[in-house]
Amino acid sequence: MATRNLTEPFILMRNNALQSKHIYAEQNLSDRMALVGPDSSRPDSVELKGTNTNDGTPPAWTDALEETQYILSRLRIKIDNLSELHAKQLTRPTLDDTSQEERQMEQLTREIGRAFSSGYQQVQIVKAAARHETRPAERQLANSAVLALSSALQDLGLRYRTSQANYLQQINSREERNRQYFTEDETLLRNVTTDSWLSEPSYEENSSDYWQQGPRQQESVLLQIDDPEQRMRLAEEREKEVGHIVQSISDLNHIFKDLANMVQDQGTILDRIDYNIEQTQVQVYEGYKQLKKADSYQKANRKLYCIMVLAASIILLSFLFILFKT
Amino acid sequence: MNVVTALKFYITKMTEESGPGMKVLLMDKQTTSIVSLAYSQSEILLKEVYLFERIDATVRSDGLKHLKCIVFIRPTKENVALLCNELRYPKYGVYYIYFSNIIAKADIKLLAESDEQEVVREVHEFYADYLAVSPHLFALGISACSQGLTWNPTHLHRTVQGITSVLLSLKKYPYIRYQHSSEMAKRLAEKIREVLGKESNSFNFRQESNPILLILDRRDDPITPLLNQWTYQAMVHELLTINNNRVDLSNVKGISKELKEVVLSGEHDEFYANNLYLNFGEIGQTIKELMEEFQRKAKKHQKVESIADMKNFVETYPMFKKMSGTVSKHVTVVGELSSLVGQYDLLKVSELEQELSCQSEHSAQLQKIKRLLNNPRIRDIDATRLVMLYALHYVKHTNNDITGLLDMLKKRGVPEKYTKLIHNVLEYSGVHTRQSNLFDREAVAKITKKLFKGLSGVDNIYTQHTPLLVETLEDLIKEKLSTQVFPYLGNMIMSRRPHDIIVFMIGGTTYEESLAVHNLNKQNPGTKIILGGTTIHNFESFAEEVQHATTGTAPRYRTRNN
């Protein structure tokens, strides 16, 4: 995969060209030209520069774009961290001294969830900006940016989900294995784990499990607590918890569905660079054709033709009228 | 030795060298195809390339100064002029210029003089100047490269550029062998050596693998592109025409809007990558499996009741979406293929084609051809195909009936464009000058092979034919290739076994040969073969090639046969 760098000779040649132009210019200028010429041309160039800078300001949504890119890079790191933690958790012999790592994990999942939704919001900002953009090139640019960002977000989301699912699966299988050996301790062990899970509002990993294990856990918990009031309070708390989980899941669900809709055309003809370029050219050509048509319509404007004919006949008739009357 | 990864490397490097920030990619017609084959739009969007422009577009969008512009063009005169114009009135902030081939110093000077506002940051040569169709197959997109049986000068130039860029991108400084009987092969070989000599600095690689460049001429094997094909990729090309991995289905009846044109690329479609070399029957089977899997998944998707379902749905939704796209695409394509096969009796035609190309029973085959020519369901081009094959096979046979068959074709109302081909192809193949007959080449080896075949029986009557290329390459790998027929250029002679082989077919290669090379690569793990051609033929394009090649030559056969 050989390459050749021609930048140096190019810059050398460019400098030479600029220099020779200057020398050439200096030689040829009379005093007046030397003094006045540049001055008279300066306003022009200043103006030109002015429009250039006006052109050069990046659109407002660039901030959102950069923000999203930053979020994405942070997300990547966080997800890596999380899977690392997962791995550590899995290799550890028991689940007894959980607190620190679990809390860390919990915090990470929460942060990741938040990052996803804020990233999504930023994408929405860019998308809205794209809709308001007047120039076609700018609009295209913004649309492309939205596409790129959403597919990156989706990729990360997928990675996050698979890592979560794997972790959950492995934990479960390990517990299965454990259960064989520690049938007696089952309830105790379960209580410990469920407690720690309940304390984290991470909807990801416990959601499905929660539903499967819920009734049984509740039973065991209920057996331990006699006080009806406390029971009520617990139930309410739990309901709130469940409501929270459902809410966040459906939120995320919505986000990912939306993202998937945005990037669905991977692998189709719409994802071909040459096809898209051809398409824009076809559009330009169509526009040109429409313009031409409009032009021809304008030229063959019947009304105007009619008016002209009528006006001519009126003039002629009035002329005749005058002629014959006098 | 993988042309697709080589191209991807170049394009990735191009997008990364300019650092972060939004970018626009400015290309010409050919580099657009080159980039599109290697990268999909969604992939390149992730590299922050958000806009694509053609440098030769008539109406260009207005300037966006906050963008970085990556220019990737071929170093032609027109492109340089257009780029000079662009630099004089820059539309974008900074420019990173990449030429797809070796550019002349004078052109760089022109550019340097136009760059008055100093917007250019980098100028590079990235040798991505060919269409990488599959990992072992490249093409140059030149149809009808010869005129009057010699090179068309512009096409010769393009071919030399294409091959040198392949060599540079793979970092190979090869020994060159060419087909002695072909004047075009010799000229091309000499031109390439000239370039290699001139640019010896660029070709200064460490050599361990003994690369060899073998230049062949399509004229030596005009049979392969005439045959109907039965492997997926080749079949799609023959019946529906693949153009830079795009297939146009717009003339299929009742097709939905998003399937009017589909992409068949091994890079982006796993199912296609796994199945492009399977034959038609097997494809039917795998499509069925794919369908079933899809249905199973679709059923799963129908019920989204609990939160667990919801979660599952979200996880698998993108994959599901992608899969549904793949399924509908391949089902449409295969459905269209099978309807075409049924409609035009292609099984019968192909059987006879294979017999014509592999066996010699003159009278029986003549009868069969006549019968098929009277069959109204056969397409005109298939009828022409059969007569062409017959003519190529039996032109030296004492009582051949080419004239009679031609009359039959004319009676059928076959357009003159096709009937002329019969003589043209004879002219093209140069049967009169050929020492060895294409149909009974290497008589002894063939007979033993036939005996073996007779013992084991033919396993598939539709794929009996093996391209001549296979034999040539097998000989080359075993170091048995005659140095008289395929001499080395210059007086270097390679003593060791070649490990990297680049074969170039002047006048276009075919997907059948691509499959053969793929198999050879699998059978010989020590050697890697890359196949290239001026283009990739099916019957239609080959007919054009033959017609172009033979215009302006004396019609020798017409007089003799009439």
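# Close-up views of a predicted two-chain model

Figure 1. The relative accessibility of A:Phe324 is 67%, so A:Phe324 counts as exposed.

Figure 2. A:Arg4 and B:Glu125 are paired in a salt bridge, and their closest N and O atoms are 2.9 Å apart. Is each partner buried or exposed, or does it fall in between? A:Arg4 is partly exposed, at 23% relative accessibility. B:Glu125 has a relative accessible area of 0% and is buried. Side chains of opposite charge can pair when their charged atoms come close. Over all chains, the structure holds 31 salt bridges.

**Figure 3. A salt bridge along one helix of chain B.** B:Glu293 and B:Lys297 form a salt bridge through their side chains, with an N to O distance of 3.8 Å. Both residues sit in helix H10 of chain B (residues 280-302), four residues apart, which is about one turn of the helix. An α-helix has 3.6 residues a turn, so residues three or four places apart point the same way. B:Glu293 is partly exposed at 31% relative accessibility, and B:Lys297 is partly exposed with a relative accessible area of 34%.

Figure 4. The side chains of A:Arg272 and A:Asp274 form a salt bridge, 3.0 Å from N to O. A:Arg272 is buried, at 4% relative accessibility. A:Asp274 is also buried, and its relative accessible area is 5%. Through salt bridges that share partners, A:Arg272, A:Asp274, A:Glu278, B:Arg246 and B:Glu261 are joined into one network.

Figure 5. Helix H8 of chain B spans residues 232-240, and nine of its nine residues are buried, so the helix is largely enclosed by the rest of the structure. The buried residues of H8(B) are B:Tyr232, B:Gln233, B:Ala234, B:Met235, B:Val236, B:His237, B:Glu238, B:Leu239 and B:Leu240. Most residues other than glycine have a negative phi.

**Figure 6. Two loop residues of chain B with positive phi.** B:Glu118 has a phi near 55 degrees, a positive value in a residue other than glycine. This residue is placed in the loop of chain B between helix H5 (105-114) and strand S5 (120-126). With 40% relative accessibility, B:Glu118 is partly exposed. B:Glu479 has a phi near 60 degrees, again a positive value in a residue other than glycine. Its loop in chain B runs between helix H18 (468-477) and strand S15 (500-506). B:Glu479 is partly exposed, at 44% relative accessibility.

**Figure 7. Two helices of chain B in contact.** Helix H14 (residues 380-394) and helix H15 (residues 402-412) of chain B have axes that come within 10 Å and cross at roughly 175 degrees. H14(B) is therefore roughly antiparallel to H15(B). On the side of H14(B), the contact is made by B:Asp380, B:Ala383, B:Thr384, B:Val387, B:Tyr390 and B:Ala391. H15(B) contributes B:Ile402, B:Leu405, B:Leu409 and B:Arg412.

Figure 8. A:Gln122 is part of helix H4 of chain A, residues 99-132. A:Gln122 counts as buried, at 17% relative accessibility. Which residues does A:Gln122 contact, leaving aside its neighbours within four places in sequence? They are A:Ala64, A:Glu67, A:Thr68 and A:Ile71. A:Tyr70 lies in helix H3 of chain A (residues 62-91) and is partly exposed, at 47% relative accessibility. A:Tyr70 and A:Pro136 are 66 residues apart along the chain, and 27 Å separates their C-alpha atoms.

Note on methods: Residues are numbered from 1 along each chain as its sequence is written. Chains are lettered from A and ligands numbered from 1 in the order in which they are written. This is a predicted model: local features need pLDDT of at least 70, side-chain atom pairs count only at pLDDT 80 or more; totals for chains, interfaces and linings use all residues. Side-chain values use heavy atoms; hydrogens and water are left out. Buried means under 20% relative accessible area, exposed over 50%, partly exposed in between (1.4 Å probe, protein chains only). A salt bridge is a side-chain nitrogen of Lys or Arg within 4 Å of a carboxyl oxygen of Asp or Glu. Axes are lines fitted to C-alpha atoms, for helices over the stretch in contact, and angles run from 0 to 180 degrees between N-to-C directions. Angles under 35 degrees count as roughly parallel, over 145 as roughly antiparallel, 65 to 115 as roughly perpendicular and the rest as oblique. Contact means heavy atoms within 4.5 Å.
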